[in-house]
Amino acid sequence: MYFIFEIAFSSNKNYIANLIRAYAKQKEIEVDVLQTSDKIILTFNKDDEKLEKFLLGLEEVLPASLFLGKGQHRFSEEKPALMPVEKINLPLNIAPCPTCQKEMFDVSSRRYFYPFTSCNNCGSQHPFLTKYPYTRANTTMKFLVPCKSCEDEREHNALRKDYPLISCIECGIGLRMLDRETEHMALNKGDYRKLFKAAAGAIASGKTLLMKTTNGYRKFFNPNRDLDAIKNIDFTVNTLETGLAKAPYTFGESTEDNIALSTLLMASAAGFNEHLMMVEQEFNALLSIERPLLRVATKSDALKNLYGSSVLVKYPDDGMTMLLAGELVKHGLEYVSYLECDSSEEADFLVDFDMPISSQKDMKLFINQDAKLFVSGERILYPAVVQGNKNRVTVAHDLACVEVEGKRIIDSLEVFDTVDTDEIVVLENEDFESGHSNEQRFEQYKASMMSVLSEHYKVGQKAIGVHFDGTLNFLYYNGKQVINAVPANPFESDNLWEKISTLREGSDRLVGNYKKAYPEVWERLDNLEGNMDIFEVTAITLGLADESFEGISAEALSFLGKGGLQIDTRVKDNRFDNYAFLTSIMSYQLGDVENNFMCYSIYESFGDYIGELVPQLCDKVGSNIVVLTGETFANQSLYARIQRTLGQKNPLMSKNFPIGKENAVHGALYL
């Protein structure tokens, strides 16, 4: 008789299953661990005396995960016979697992306050990768020789068996902290601890801190700091360690950081309920081992005054930010802000390490009730193993899909060596020249639609698609190729007022009235540089601090009512008209409509337009398969409207890839 424990797991990533296997080996219990497309199945001997203790211990070892669902158990006379997910050794880029976290905060551990603590199933691995296959020789850690204790672990510790990046304070990466007069090197446990204490003290004292993390450089600051008071504080690295002002320091000009464009790092989970308005799914996602970026509503007056109605939030996602957060809490800071930047950014203090890294774009997550959509980015989802039956290399958005040792891997373009291939297909306008005799270019919308169809096993079946990413296009897949059935009208932001004034009768009067009412905005729109998309121009029109789709989406979140205004989204031939859209917004502005109501209405109107046109196209081509692509769909009001208008058709979206542009490198395999 077998005891079978099943855990829902909605991903092809295998670090949770591997962690269970390693823990079982540590506890010397016999268990079959099988991962399928939607769950992890553990099969035990029902009478194993270690079973109960193992399951209780598993609760402490397993991290929270975006992909983990509910568990259930049953008994069976036979073992399950299911198709497993293929195992492959790819570098991860997630937070440390509970076991590694314990080591970092255990003073008796060799890795006490060592921020690069990780194991085979967690941590920042991908930033150190230089090329495939993933071995120590192909990482920037190849120059570090593991100490005797690490070598012993690599042989006997199940969690770090043959682990390529094994290291500790004795044999690993050194840290340093600098201001313009002093440098502090971390060489032992006490030094590492002091460094993070000093870094947190700098931020708590109102200074700015530039820190190199495994996810790139981040400039940290206390958004509630009193700038006038800060100018009178003199600190150095030594000052912060001893508490004595021994050396004067002149505060730099880097204090005017743009809070509106910064990310909120929550140092303490205890502060979530006080400062943020979240549903349970959002709370669980932020604390998951994947540590995504998530836009959530603000709750406390302090955050509302800083960020408005919503903010982009992150929980510490690597050893550097995790250790910093632990010290920030001791200074009474429940959160700080940071800006992603490069090493040349000015700050009062710098925490750095000499090891080269290759950071990934952070992953934004969108949650609507039980639906979770990856919006944009690389971390968490890439690298990925995919299927394909053509000898083809695909390239898009600095990602590439290349066959390595018989496996087709999607990852950063820079980690692949030269390969033999029949053809290379590259995204149009991508700054990449392969020199291959058979290089083809492809459009984003085609590849995005094919990515979703392949994930849902619909390739070869007729389908209607909606690609909404700056522009709105309605697509038709006839089973062989993707056709732009209702393309967006082109939008050019130069000579904007001329285009609007000639749109229809009376438009010239609107332009005149708008110039009188909003002279500064009128001037800005009259002198736009470069060709901006419709959402950037809309954000400028509304005077939003974040002049992007993200800014409009954030503003829409602050509207708590129901039912919006009707914004013009189309003209007589059913095609979206950018200038009619802008004209409608300006008209409402002149009528003193609030920005949040306007932004909410924008997405509701798009939802109604899509919900009306898609069924017509489905009837015309005889298909009920609907595909939605593009990160514009990551908006609460638009997504909810689409569910109302198209819910019966169960529209398909990306599961294992972002709904935005980064899915193109996968979809191009099927063009």
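E405 sits in the loop between β19 (399–404) and β20 (407–412). This is a predicted model. Phi of E405 is near 50°, a positive value in a residue other than glycine. Most residues other than glycine have a negative phi. Is E405 buried or exposed? E405 is exposed, with a relative accessible area of 64%. Exposed here means over 50%.

N429 is another residue to look at. Its place is the loop between β21 (423–427) and β22 (439–442). Phi of N429 is near 70°, again positive in a residue other than glycine. N429 counts as exposed because its relative accessibility is 75%, and the cut-off is over 50%.

Most peptide bonds are trans.

| Cis bond | Omega | Where the proline lies |
|---|---|---|
| Y132 and P133 | about 0° | P133: loop between α3 (98–104) and α4 (148–156) |
| Y382 and P383 | about 5° | P383: loop between β16 (371–376) and β17 (384–386) |

**The second largest pocket**

What is the volume of the second largest pocket? The volume is about 1,200 Å³. The pocket is lined by 44 residues. K364, S376, D546, E550 and E631 are the closest of these to its centre. Several elements give two or more residues to the lining. The strands among them are β11 (293–298), β12 (310–314) and β13 (335–341). The helices are α10 (301–307), α12 (444–455) and α17 (549–557). Which element gives the most to the lining? That is α17, with 4 residues. By type, the lining of this pocket divides into 14 nonpolar, 15 polar and 15 charged residues.

**An open sheet**

Now turn to a sheet. It is open and has 4 strands, in the order β25-β24-β23-β26. The pairing is mixed. Which strands lie at the edges? They are β25 (482–486) and β26 (626–629), and each pairs on one side only. From one strand to the next, the twist averages 30°.

Strand β23 (residues 463–468) runs antiparallel to strand β24 (residues 472–477). How many bridges join β23 to β24? There are 6 bridges between them. I464 stands opposite Y476 in β24.

Terms used: Residues are numbered from 1 along each chain as its sequence is written. This is a predicted model: local features need pLDDT of at least 70, side-chain atom pairs count only at pLDDT 80 or more; totals for chains, interfaces and linings use all residues. Side-chain values use heavy atoms; hydrogens and water are left out. On a 1 Å grid over the protein atoms alone, a cavity is a set of points where a 1.4 Å probe fits but cannot get out, and a pocket is an open set with protein on both sides within 12 Å along at least five of seven lines; lining residues have an atom within 4 Å of a point. Grid points are joined across faces, edges and corners, and a volume is the space filled by probe spheres set on the points. Ala, Val, Leu, Ile, Met, Phe, Trp, Tyr, Cys and Pro count as nonpolar, Asp, Glu, Lys and Arg as charged, and the others, Gly among them, as polar. Buried means under 20% relative accessible area, exposed over 50%, partly exposed in between (1.4 Å probe, protein chains only). Two strands pair if DSSP finds at least two bridges between them. Axes are lines fitted to C-alpha atoms, for helices over the stretch in contact, and angles run from 0 to 180 degrees between N-to-C directions.
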